[in-house]
Amino acid sequence: MLGLRESDLCFSAAKLFFAYGLGNALSFPLSVGASVLLMAERPTPDAIFKRWTERKPTVFFGAPTGYAGMLASPALPPKEAVALRLCSSAGEALPREIGERFTAHYGCEVIDGIGSTEMLHIFISNRPGDVRYGTSGKPVPGYLIEIRDEAGRPIEAPGKIGDLYIHGPSSALMYWQDRAKSDAAFQGGWTRSGDKYERDADGYYVYSGRSDDMLKVSGQYVSPFEVEATLVQHPAVLEAALIGITDENGLTRPKAYVVLKERSRAGEALAEELKAFVKGRLAPHKYPRLLEFIDELPKTATGKIQRFRLREAEQAHR
């Protein structure tokens, strides 16, 4: 899929003890005789830039939050200082704007895909020479993909959001000592990923969010990722996360947490500007009714936004 070569030097921000990092820095490069660059320290933008410019890796594997942080860094190296020919992204869906900006700067594609520890690695992916930013691409050969409705029936029509199921030879058998979770995830050879997806008319799969993160506002599904990806298009925004807040009437109201590139710009005027920015680009019911500026978003070690931490913080304040 990636077209790795024996002459490549591969460098992964994700460490070897993550499924993503294990494939990036062991299985895939060594299977073709390529070399691997390992780094013990945290993959901060400065640490990554140091390796890019001194060791000259040709293939880099990162996560969306990492790409956003690097593009926002004043130390971002120029194209002439690096040797990148291909980059990969996983962990969360890559916003279109981030992929396009990275390619415009470095001239190399960012191959976005979705995988999971349960499936060992990526099972839907964009391909070199066939990248459609804003999508996860198409199924990796060897895997069957289905989008299913709430009754478990396959959704054939494009543009309909449903639960993502995967069938393939690398699936786990069960969760260790967790029968209920195993029964929910592993069903007759199919693995339920816990993600909401839709398939467009051209067969590309589009991420809508984690199943437990999806919001229903005014009776309609709202994808947190869609709103977050729109917010980061604003030049003042570095990162964003959307959760649902239950108001005094029991209705769900979308609330956005926003990290700015310049904290000093935070204020009511910018908050209203960002709400209008989203409202002008998405359906009216999707814009965040509430917006809070914070210094950083809670994340896992692989860079995934932990929206449940934001929900817990909201509950604690009530």
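Glu97 and Arg101 sit four residues apart in helix 4 (residues 96-106), about one turn of the helix. Helices here are DSSP runs of H or I with at least four residues, strands are runs of E with at least two, and both are numbered from the N terminus. This is a predicted model, in which local features need pLDDT of at least 70 and side-chain atom pairs count only at pLDDT 80 or more, while totals for chains, interfaces and linings use all residues. Residues are numbered from 1 along each chain as its sequence is written, and side-chain values use heavy atoms, with hydrogens and water left out.

Glu97 and Arg101 form a salt bridge, with 3.3 Å between the closest N and O atoms. The term stands for a side-chain nitrogen of Lys or Arg within 4 Å of a carboxyl oxygen of Asp or Glu. Glu97 is buried, at 18% relative accessible area. Arg101 is partly exposed, at 29%. Buried means under 20% relative accessible area, exposed means over 50%, and partly exposed lies in between (1.4 Å probe, protein chains only).

The whole structure holds 23 salt bridges. Another one joins Arg132 and Asp202, at 2.9 Å from N to O. Arg132 lies in the loop between strand 6 (122-125) and strand 7 (138-139), and Asp202 in the loop between strand 11 (190-199) and strand 12 (205-210), so this pair ties together parts 70 residues apart in sequence. Arg132 is partly exposed at 30% relative accessibility. Asp202 is partly exposed too, at 46%.

Next come Glu226 and Lys286. Their salt bridge has its closest N and O atoms 2.8 Å apart. Glu226 belongs to helix 6 (residues 224-231) and Lys286 to the loop between helix 7 (268-279) and strand 17 (290-293), so the pair ties together parts 60 residues apart in sequence. Glu226 is partly exposed, with 28% relative accessibility. Lys286 is buried, with 15%. Elsewhere, salt bridges link Glu92, Asp213, Glu228, Arg307 and Arg311 in a network.

Now turn to the rings. A pair of aromatic rings is described by the distance of the centres and the angle of the planes. Rings of Phe, Tyr and Trp (its six-membered ring) pair if their centres lie within 6.5 Å; planes under 30 degrees apart count as stacked, over 60 as edge-to-face and the rest as tilted. The structure has 13 aromatic pairs. In one of them, Tyr67 and Phe102 have ring centres 5.2 Å apart and planes at 80 degrees, so the pair is edge-to-face. Tyr67 is in helix 3 (residues 64-72) and Phe102 in helix 4, so the pair links distant parts of the chain, 35 residues apart. Tyr67 is buried at 0% relative accessibility. Phe102 is buried at 1%. Tyr197 and Tyr207 also pair edge-to-face, 5.5 Å centre to centre with 65 degrees between the planes. Tyr197 lies in strand 11 and Tyr207 in strand 12, ten residues apart. Both tyrosines are buried. Tyr67 and Phe102 also belong to one aromatic cluster with Phe11, Phe49, Trp52, Phe60 and Tyr106.

Charges meet rings as well. The charged end of Lys138 sits over the ring of Tyr204, 4.6 Å from its centre. The charged end of Arg148 sits over the ring of Trp190, at 5.0 Å from the centre. A charge sits over a ring if NZ of Lys or CZ of Arg is within 6 Å of the ring centre and within 35 degrees of the ring normal.

On a 1 Å grid over the protein atoms alone, a cavity is a set of points where a 1.4 Å probe fits but cannot get out, and a pocket is an open set with protein on both sides within 12 Å along at least five of seven lines; lining residues have an atom within 4 Å of a point. Grid points are joined across faces, edges and corners, and a volume is the space filled by probe spheres set on the points.

The second largest pocket has a volume of about 440 Å³. Its lining has 24 residues, with Gly134, Val206, Tyr207, Phe225 and Glu226 nearest the centre. Helix 6 gives the most to this lining, four residues.

There are two cavities of 30 Å³ or more. The largest cavity holds about 180 Å³. The second largest cavity has about 40 Å³. Glu97 and Arg101 are among the residues that line the second largest cavity. Helix 4 gives the most to that lining, with three residues.
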